[in-house]
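Here are my notes for your first look at this model. Keep the structure open and check each point as you read.

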Amino acid sequence: MSLSIDIALSEDHQSIDGYFDAYLEEKRKPGGNALQSFRTYKASLLRHIKCEEDLIFPILAKASDEPASAEVSTLRDEHQIIVPLLMEVEKHIKEGKDSTSVERKLFEELHEHNAREELKVYGALDRLLSESQKQEAAEALKSMRFFPDTASLP
Ligand SMILES: [Fe+2]
Ligand SMILES: [Fe+2]
């Protein structure tokens with residue numbers, strides 16, 4: 001059976017959400033390591049975004065007769081909002097400040113973005129990508145090669 005990149009990307013959204021939940025749990029726990037937990041979440045989301053930007057969007061952008069192609073510039077703009085929000089939350093945690101409101105902003109922005117991808121974009125990808133392109137994207141999602149292990153960061 002051929003690989004579904006639609007499913008792989010949607011499942012990656014869920015797994016990234018799981019890292020966010022794990023972070024929230026760590027934040028509530030007395031003596032929990034919220035910063036490390038948030039960095040794992042951040043690394044997984046950055047890897048996902050990089051995979052979309054490098055391997056998925058360029059193919060989609062070329063398929064101009066495909067309605068999903070029209071979403072690419074909005075999705076790229078939204079990534080430009082999401083990435084600084086990730087950095088802002090991390091900064092708040094590092095400085096011991098209350099990160100709740102910036103976290104909420106990040107959560108809302110990301111969920112609207114993910115829902116648009118899943119509804120309007122990902123469905124077209126299994127038609128547009130070759131088997132080897134799908135394989136490459138799936139490998140990129142699985143590996144942490146774009147972002148080395150964040151646990152070792154200071
Ligand atoms: Fe995205
Ligand atoms: Fe995505």
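1. **H2 and H3 as a pair.** Remember throughout that this is a predicted model. Start with H2 and H3. The crossing of H2 and H3 is left-handed.

2. **Who makes the H2 and H3 contact?** On the H2 side, the residues include Ala-34, Leu-35, Phe-38, Lys-42, Leu-45 and Ile-49. On the H3 side, they include Val-72, Leu-75, Arg-76, His-79, Val-83 and Leu-86. By class, the contact of H2 with H3 holds 14 nonpolar residues, one polar and five charged.

3. **H3 on its own.** After H3 comes Gly-96, which has a positive phi, near 70 degrees.

4. **The buried side of H3.** Which residues of H3 are buried? They are Val-72, Leu-75, Leu-86, Val-89 and Ile-93. These buried residues pack against H2 and H4. An α-helix has 3.6 residues a turn, so residues three or four places apart point the same way.

5. **Glu-90, a charged residue to check.** Glu-90 is in H3. Is Glu-90 buried, exposed or in between? Glu-90 is partly exposed, because 17 other C-beta atoms lie within 10 Å, and a residue needs 20 or more to count as buried. Set aside its neighbours within four places in sequence, and Glu-90 is in contact with Phe-38 and Lys-42. Asp-12 is 78 residues from Glu-90 along the chain, and their C-alpha atoms are 21 Å apart.

6. **H1, checked by length.** H1 runs over residues 5-28. Its 24 residues should span 34 Å at 1.5 Å a residue. The end C-alpha atoms are 35 Å apart, which agrees.

7. **What H1 buries.** The buried residues of H1 are Ile-5, Ala-8, Leu-9, Asp-12, Ile-16, Phe-20 and Tyr-23. Note that Asp-12 is on this list. The buried residues of H1 pack against H2 (34-62), H4 (100-128) and H5 (131-142).

8. **H1 against H2.** The axes of H1 and H2 come within 8 Å and cross at roughly 165 degrees. The two helices are therefore roughly antiparallel. H1 passes H2 in a left-handed crossing. From H1, the contact uses Asp-12, Ile-16, Tyr-19, Phe-20, Ala-22, Tyr-23, Glu-26 and Lys-27. From H2, it uses Ala-34, Ser-37, Phe-38, Thr-40, Tyr-41, Ser-44, Leu-45 and His-48. The contact of H1 with H2 has nine nonpolar, four polar and three charged residues.

9. **H1 against H4.** The axes of H1 and H4 also come within 8 Å, and they cross at roughly 155 degrees. H1 and H4 are therefore roughly antiparallel. H1 brings Ile-5, Asp-6, Leu-9, Ser-10 and His-13 to the contact. H4 brings Asn-114, Glu-118, Tyr-122, Gly-123, Leu-125 and Asp-126. By class, the contact of H1 with H4 has four nonpolar, four polar and three charged residues.

10. Gly-18 lies in H1. Gly-18 is exposed, because 12 other C-beta atoms lie within 10 Å, and 12 or fewer counts as exposed. Asn-33 sits in the loop between H1 and H2. Asn-33 is partly exposed, with 14 other C-beta atoms within 10 Å. Thr-100 is in H4. Thr-100 is exposed, with 11 other C-beta atoms within 10 Å.

11. Pick Ala-137 and Gly-18: they are 119 residues apart in sequence and 21 Å apart in space, C-alpha to C-alpha. Now pick Ala-137 and Asn-33: they are 104 residues apart in sequence and 31 Å apart in space. Finally, take Thr-100 and Val-89. They are 11 residues apart along the chain, with 8.5 Å between their C-alpha atoms.

Conventions. Residues are numbered from 1 along each chain as its sequence is written. Chains are lettered from A and ligands numbered from 1 in the order in which they are written. This is a predicted model: local features need pLDDT of at least 70, side-chain atom pairs count only at pLDDT 80 or more; totals for chains, interfaces and linings use all residues. Helices (H or I, at least four residues) and strands (E, at least two) are DSSP runs, numbered from the N terminus. The expected span of a helix is 1.5 Å times one less than its number of residues. Two residues are in contact if their C-beta atoms, placed from the backbone, lie within 7 Å. A crossing is left-handed if the near helix is turned anticlockwise from the far one by less than a right angle, and right-handed if clockwise. Ala, Val, Leu, Ile, Met, Phe, Trp, Tyr, Cys and Pro count as nonpolar, Asp, Glu, Lys and Arg as charged, and the others, Gly among them, as polar. Axes are lines fitted to C-alpha atoms, for helices over the stretch in contact, and angles run from 0 to 180 degrees between N-to-C directions. Angles under 35 degrees count as roughly parallel, over 145 as roughly antiparallel, 65 to 115 as roughly perpendicular and the rest as oblique.
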